[in-house]
Amino acid sequence: MKQTILVIICLVTTSILFAQKKEWKQMDDFHAIMSKTYHPAEEGKLQPVKDNINDLVKKGKAWQSSSVPAGFNEKPVKPLLNKLVAECMAIKEAVTQKKDDDTLKKMITTAHETFHEIMEKCEDHGK
C-alpha cells in the first residue's frame, strides 16, 4: 500500500513539473533558425549564414517584440534580446557588404553566445 501511494505521489509530482514547463514560441522559432545557421558555421560552412540571415533577423525581431511569458524573468532577458537583434542586424549588414567568412563566423558565434545567455536567463524562471 505504501509503495502504491509513493508511486502515485511521484507520478503526480512529475506531471505537475512537466505541466509547469514554460514555453516561449518566438524563442523556439528563433532557435530553429539559429541552429541551422550556426552549427554549419562551426564547421566553416558560412553559406547558411548568408542564406538564413534575413529569417534570423525577422525571427529575432519577432522574439524581441513579443511579451515575456509568465515564469520568465523579463528584467535580464529584454536587454539581451535587444543585444541579440543588434548582432543579427550587424551580421545582415556584413553579409550585404560581402564580408569574408572569418568575419561572418566570428559574428554568428557572438550572436550564438548571446542566444545561449538568454536561454540561461530563461531557465531561471521567476528568479
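Predicted model: local features only at pLDDT ≥ 70, side-chain atom pairs only at ≥ 80, totals over all residues.
Two residues are in contact when heavy atoms of each lie within 4.5 Å.

**First stop: Trp63.** Select Trp63 and display its neighbours. Setting aside residues up to four places away in sequence, Trp63 touches Trp24, Gln26, Met27, Phe30, Lys78, Leu81, Leu84, Phe115 and Ile118.

**Second stop: the core.** Next, widen the view to the largest nonpolar core, which has 29 residues. Within this core, Trp24 and Trp63 touch the most other members. Colour the helices α2 (25-42), α3 (47-65), α4 (74-96) and α5 (101-123), each of which gives two or more residues to the core. Which element gives the most? It is α4, with eight residues. In soluble globular proteins, nonpolar side chains tend to be buried together.

The whole structure holds five aromatic pairs. Select Trp24 and Phe72, whose rings form a tilted pair, 5.4 Å centre to centre with 45° between the planes. Trp24 belongs to the loop between α1 (2-19) and α2, and Phe72 to the loop between α3 and α4, so this pair ties together parts that are 48 residues apart in sequence. Are these two residues buried or exposed? Both Trp24 and Phe72 are buried.

Now select Trp63 again, together with Phe115. The ring centres are 5.9 Å apart and the planes stand at 70°; because an angle over 60 degrees counts as edge-to-face, the pair of Trp63 and Phe115 is edge-to-face. Trp63 is in helix α3 and Phe115 in helix α5, so the pair ties together parts 52 residues apart in sequence. Trp63 and Phe115 are also buried.

**Last stop: the cluster.** Finally, select Trp24, Phe30, Trp63, Phe72 and Phe115 together: ring pairs link these residues into a cluster.

Conventions. Residues numbered from 1 in each chain as written. Heavy atoms only, no water. Core = buried A, V, L, I, M, F, W, Y, C linked by side-chain atoms within 4.5 Å. Buried < 20%, exposed > 50% of the residue type's maximum accessible area, 1.4 Å probe, protein only. Helix = DSSP H or I, 4+ residues; strand = E, 2+ residues; numbered from the N terminus. Phe/Tyr/Trp six-rings, centres within 6.5 Å; stacked < 30°, edge-to-face > 60°.
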